[in-house]
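Take a look at the structure below. The walk through it starts inside one chain and then moves out to the contacts between chains.

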Amino acid sequence: MATTNEDLKTIASQQYQYGWVTDVESEEAPKGLTEDTIRWISSKKNEPQFMLDWRLKAFRHWGKLVGKSESPTWANISHPPIDYQNIIYYSAPKPKKKLDSLDEVDPELLSAYEKLGIPLDEQKRLAGVAVDAIFDSVSIATTFQEELSKHGIIFCSFSDALQNYPELIKKYLGSVVPYTDNFYACLNAAVFSDGSFCYVPKGVRCPLELTTYFRINSANTGQFERTLIIADEGSYVSYLEGCSAPIRDENQLHAAVVELITLDNAEIKYSTIQNWYPGDQNGKGGIYNFVTKRGKCQGKDSKISWTQVETGSAITWKYPSVILLGDNSIGEFYSVALTKGYQQADTGTKMIHIGKNTKSKIISKGISSGHGNNTYRGLVRIMPKADDAHNFTQCDSLLIGSSCGAHTAPYVEVQNKSAHLEHEAFTSKVDEDKLFYCNQRGMSGEEAQSLIINGFCKEVFRELPFEFAVEATRLMDLNLEGSVG
Amino acid sequence: MIQVEQTNIENYLSAFKIFEQAESSTSSNWMINLRRNAIAQFENSGFPTARRGNEEWKYTDVSPIAKGSFKILHNKSHNANQLPDTKYQQLEGSACHNLVFVDGFLDENLTNISSLPKEVLVCNLSDAVSIEPTFTQRHLAKYADFLHHPFTALNTAFMAQGAFIWVPPNISIDKPLQVLFISSSSNSNLITNPRILALTGENSKFTLIENHSAVNENSYLANVVSEIVLGTNSNVQYYRIQQESKKAFHISTTHVELGKGSRFFSMNLDLGGEIVRNNLNVVTEGEDSSCSVNGIYITTASQHIDNKVVINHNSSYTTSRELYKGILSGKSKAIFHGSIVVREGLRQIDALQIDKNLLLSDQAQANTKPAFWIYSDDVKCGHGAASGQIDRNAIFYLTSRGISESDARNLLVKGFVQEVIESIPNKFYKDKMDNMVNASLLDVLGI
Amino acid sequence: MLEIKNLNVSTDNTHILKGISLKVSAGEIHAIMGPNGSGKSSLAFSLAGKPGYNVTSGEIIFDKTNITSMEPEGRARAGIFLSFQHPVEVPGVRLDQFLRASFNAINKSREMDQLDPLQFDKKLKERLKVVDMDPALTKRFVNTGFSGGEKKRNEILQMAILQPQLAVLDEPDSGLDVDALKSVADAINKLRHSSNAIIIITHYQRILEYVVPDAVHILMDGRIVKSGNKDLAREVESQGYEQFANYLSNQSHLTEKESRQ
């Protein structure tokens with residue numbers, strides 16, 4: 001049989017590869033959410049008073065939102081109501097004793113990360129990549145800290161940062177995503193457990209790729225991490241996060257917050273390869289990935305670039321955004337989102353142009369197959385004082401099979417006449433002429449499909465650091481591996 | 001504030017009682033039930049609010065309408081002689097078959113439909129109910145959904161007079177049929193609920209002009225609903241010219257159903273109105289049908305013009321094209337939402353949507369929301385949107401050829417909307433639209 | 001090498017090839033000429049097995065194997081190459097990567113060595129010289145933004161790399177100016193040898209001035225109405241296709257008669 005779209009319609013998803021559970025003893029907060037839970041988490045982490053106060057303010061605000069049942073309903077997703085009292089908000093592997101070095105980390109945990117392809121021990125580390133490993137609610141290890149500290153770069157868990165650099169946290173926490181921002185960001189502000197913190201000092205170009213690897217392990221837990229990255233004047237950092245979780249029948253909530261800040265002439269490149277457990281073939285289980293990510297180009301001539309490859313999660317709800325405050329600042333968003341099985345993704349970006357001569361670029365590639373539903377939702381807003389702002393948006397969708405959906409909902413708001421905006425979108429199925437051309441050159445249906453889809457995603461993949469681009473390509477192939485008869 | 005709104009709803013409810021009484025002698029039971037059903041819907045929903053999460057009205061705040069106290073005229077009170085001749089001339093009465101409504105009531109002096117082909121039925125909607133009761137009942141209010149749209153519900157509750165058009169199979173009407181809705185009253189704060197029901201038979205062809213115009217620069221509310229149903233292989237050109245008073249509120253819904261193989265062309269020209277919202281819904285009910293929907297909006301001062309265009313691809317092998325362009329000046333605000341919806345399990349859908357805005361002032365605002373909702377894989381859908389000001393390089397290019405800067409500007413502004421005008425298939429209307437756009441640009445921008 | 005026996009093909013319920021028979025031996029060049037809509041491209045697609053071209057009767061025998069219902073990649077691996085009249089753009093896929101994927105897929109099926117990027121790059125450079133093509137094009141996306149001439153040359157480059165036994169060139173000359181035509185023809189001549197065969201499909205005879213065919217067949221309305229040597233191509237050039245119209249009516253008359261019997 002020749003390859004036709006018919007064949008592509010019978011895509012059988014590859015078994016999720018990261019679905020195993022690590023057997024470690026955990027220390028958990030009691031199930032449910034009250035002020036006591038928050039005090040419990042805060043005291044567990046020995047937090048300064050200002051942190052507890054902030055959490056409590058957030059919790060009280062969240063209480064009001066719950067009271068008015070104001071969880072967001074505008075996205076093109078559907079799920080049963082979430083019982084917030086049936087979630088464990090804190091779960092950490094029990095330390096055997098106080099850790100002095102990586103050698104003392106539970107070998108079970110080290111081997112778990114090794115299985116994920118993220119070796120943490122000295123000899124096997126990935127060259128040129130510093131890793132912060134987050135397991136359920138806490139950071140278990142951060143590599144290359146010494147090397148980074150030579151450059152004055154702080155890269156550590158959020159908990160460590162609270163102990164060692166409270167003034168930095170106090171200054172920047174919530175300055176991009178205030179706890180009042182939205183329902184899930186508010187919940188995160190109240191209960192977040194750990195995350196990564198990074199500060200790159202003036203004029204320093206971070207010599208390593210910084211990586212945080214998130215792993216949900218325990219059942220019934222939610223993961224609420226918070227990442228804060230500050231790039232001081234003239235600095236540069238490239239940061240990558242990866243995520244995975246065991247196969248479980250129930251849905252688990254992941255509500256993270258990421259805040260990025262660039263001062264004058266600084267640049268942050270933030271990449272995500274999101275591969276949370278997507279649920280099974282029938283849509284059972286999987287992670288609800290409700291994440292708020294936002295960067296603020298505070299200084300002039302600064303740049304924030306988001307790249308995301310979203311292949312996992314039962315539901316993805318995230319809009320990595322950039323507030324272009326500094327004159328001449330640049331915001332970019334590159335995204336590949338794949339939905340298969342019964343996955344739902346409602347993702348995109350917001351580019352808020354405030355400063356003069358600011359530029360933004362949005363490239364979004366959605367691929368829908370099976371019963372997946374994929375929505376691009378984006379906002380480009382040009383404020384009245386943003387003279388000579390430029391935006392280019394391109395959001396394309398590819399449909400594989402007749403039971404999936406591909407949707408595009410961009411919002412463009414222009415309040416300054418000197419703005420220049422272009423928006424293009426295109427939706428189609430995998431082109432049969434392209435398939436035939438590849439077949440005629442000897443490639444099988446599957447090879448041809450993989451080639452065409454990777455070509456479709458190329459503009460996004462080439463924004464990823466090299467090793468991760470390879471990883472992303474492989475992930476797409478695995479996810480779309482089908483039976484071509 | 002909530003109380004104010006409720007009182008106003010009460011006003012409409014009590015007006016409805018008087019209206020129902022006045023219409024009772026001429027209304028059949030199904031009509032009475034239809035209106036009661038609609039007023040109940042309106043009572044239940046009230047006016048839409050721009051509350052967070054209400055995507056439908058995200059950019060248009062209709063609270064000035066909700067808070068206003070608009071009166072319904074229960075009987076014909078105008079005097080046709082008050083209409084200045086120049087106004088009527090301006091509306092090109094002689095080039096068309098004309099059906100004229102003044103302040104909501106049919107004006108028999110101005111109406112001239114005697115030279116229409118005899119097979120064609122064009123009459124007052126209230127007469128159609130008695131001339132063709134079954135036919136009217138089968139189609140009236142069956143397309144424009146009043147269950148989810150408060151303004152449509154309000155119109156349906158108060159519908160009485162309007163245009164009824166039936167073009168039977170194989171009939172082609174030479175001159176366009178113009179339905180003129182004129183606001184002439186010197187009293188402010190009237191509400192009219194103009195209504196059109198147009199149906200075409202197999203292989204028929206005609207041009208419909210829906211023209212909204214005013215004699216005085218008053219504040220009033222025109223709440224319009226048009227239903228246009230195209231039979232198999234029929235061809236309809238639809239020109240919608242909105243030149244209401246600059247203080248008026250204009251809310252309209254045009255619902256178009258495309259039968260198998262039918263062709264629909266529309267051109268919407270927005271020149272007047274303080275707050276304007278036009279809903280255009282096109283449903284491709286039959287295979288091989290196609291539509292080309294186009295619009296120009298020229299806004300100035302504090303005008304707010306919102307065009308929402310929804311194309312529902314409901315059958316295979318259907319094509320849609322959308323092209324809207326706006327020129328914004330003053331503190332005006334223009335919104336365009338275009339949605340293309342492709343139902344599950346269709347084959348060969350081809351849809352393209354473009355919206356472009358030219359901003360001429362610092363305080364003008366353009367919001368665009370072009371969306372796709374696609375549930376079939378055999379599609380080719382594209383959209384493009386752009387906003388910007390006049391290209392400085394282009395001005396330089398023209399001035400370097402000896403053209404003055406102001407002339408260069410004018411040429412480029414005009415050139416911007418020319419693409420839409422060029423899409424008009426008929427030379428006569430192309431020239432006519434061209435003149436209207438020129439007149440408006442002269443009026444608004446002095447060019 | 002290739003034998004087409006009474007091939008009938010339909011697409012979209014239209015009968016487009018009506019009993020084509022043709023024999024091509026190793027070392028030969030055959031030209032198939034015909035006016036627009038005569039079925040030339042359909043014959044090329046049928047040989048390559050394009051989905052949607054349904055063989056209703058007849059057979060295609062290639063290298064002693066019946067390939068009538070073989071999938072396109074199988075035919076490509078067996079050694080049939082189609083140079084497309086309208087080469088397809090594959091955005092995001094670099095030409096050199098595409099060529100290596102194709103080369104390795106074919107080699108793999110023949111249990112031959114696959115080349116890594118460095119080895120392949122060497123081969124590619126050498127082949128680029130044969131077809132006189134700008135190496136910079138191999139770093140661009142397949143056919144994306146290529147000029148008409150670049151696309152055609154790219155097809156011949158692929159033929160040079162894959163070295164098929166049978167190359168079907170569908171209008172390799174269309175859209176080329178005279179210099180480009182000479183250079184493409186030159187490349188084709190360099191690639192012909194005693195163990196491969198080439199079918200050139202064309203509307204005009206001008207490419208046949210440079211690539212001299214062993215046989216010329218006139219295709220009209222889905223039938224081969226006349227076969228001859230290279231002089232037949234000149235006849236078309238001077239007198240047009242109309243002269244063959246009566247062959248056609250005679251023949252259809254014949255078939256009708258035959259079918260009645």
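How many residues of strand 12 (residues 267-274) of chain A are buried? Eight of its eight residues are, so that strand 12 of chain A is mostly covered, where a residue counts as buried if 20 or more other C-beta atoms lie within 10 Å of its own, as exposed if 12 or fewer do, and as partly exposed in between, with C-beta atoms placed from the backbone. This is a predicted model, in which local features need pLDDT of at least 70 and side-chain atom pairs count only at pLDDT 80 or more, while totals for chains, interfaces and linings use all residues. Residues are numbered from 1 along each chain as its sequence is written, and chains are lettered from A and ligands numbered from 1 in the order in which they are written. Helices (H or I, at least four residues) and strands (E, at least two) are DSSP runs, numbered from the N terminus.

Stay with strand 12 of chain A. In a regular strand the side chains alternate between the two faces of the sheet. Here both faces are covered. A:Glu267, A:Lys269, A:Ser271 and A:Ile273 are buried on one side. A:Ile268, A:Tyr270, A:Thr272 and A:Gln274 are buried on the other.

Next come its neighbours in the sheet. Strands pair if DSSP finds at least two bridges between them. Strand 9 (residues 236-244) of chain A pairs with strand 12 of chain A in the parallel sense, over eight bridges. In that pairing A:Tyr236 has A:Glu267 as its bridge partner. Strand 14 (residues 303-310) of chain A also pairs with strand 12 of chain A in the parallel sense, over eight bridges. There A:Ile268 is bridged to A:Ile304.

Now step back to the whole of chain A. It has eleven helices and 23 strands. Buried residues make up 59% of its 485 residues. Its C-alpha atoms fill a box of roughly 65 × 55 × 50 Å along the principal axes. The radius of gyration, taken over C-alpha atoms, is compared with a globule rule of 2.2 Å times the number of residues to the power 0.38. For 485 residues a compact globule would be near 23 Å, and chain A, at 22 Å, agrees. Two residues are in contact if their C-beta atoms, placed from the backbone, lie within 7 Å. Among contacts in chain A between residues at least 6 apart in sequence, 83% join residues at least 24 apart.

Chain B can be read in the same terms. It has ten helices and 21 strands. Of its 447 residues, 49% are buried. A compact globule of 447 residues would have a radius of gyration near 22 Å, and the 21 Å of chain B agrees. The box filled by its C-alpha atoms is roughly 70 × 50 × 50 Å along the principal axes.

How do the chains meet? Two pairs of chains are in contact, and chains A and B share the most contacts. In that interface 33 residues of chain B touch 31 residues of chain A. Strand 20 (365-374) and strand 21 (379-388) of chain B each supply at least two residues of the chain B side. That side has 14 nonpolar, 13 polar and six charged residues. Ala, Val, Leu, Ile, Met, Phe, Trp, Tyr, Cys and Pro count as nonpolar, Asp, Glu, Lys and Arg as charged, and the others, Gly among them, as polar. Strand pairing also crosses between these chains: strand 22 (residues 405-414) of chain A and strand 20 of chain B are antiparallel over six bridges. A:Val414 has B:Ala366 as its bridge partner.

Chain C meets chain A through 21 residues of its own and 23 of chain A. Helix 2 (72-78), strand 7 (90-94) and helix 3 (95-109) of chain C each give at least two residues to the chain C side. That side divides into 13 nonpolar, four polar and four charged residues. No contact joins chain B and chain C, and their closest C-alpha atoms lie 15 Å apart.

Inside chain C, four strands form an open antiparallel sheet in the order 2-1-4-5. Strand 2 (14-24) and strand 5 (65-66) of chain C are the edge strands, each pairing on one side only. Strand 1 (residues 2-11) and strand 4 (residues 54-62) of chain C run antiparallel and are joined by seven bridges. C:Leu2 stands opposite C:Phe62.
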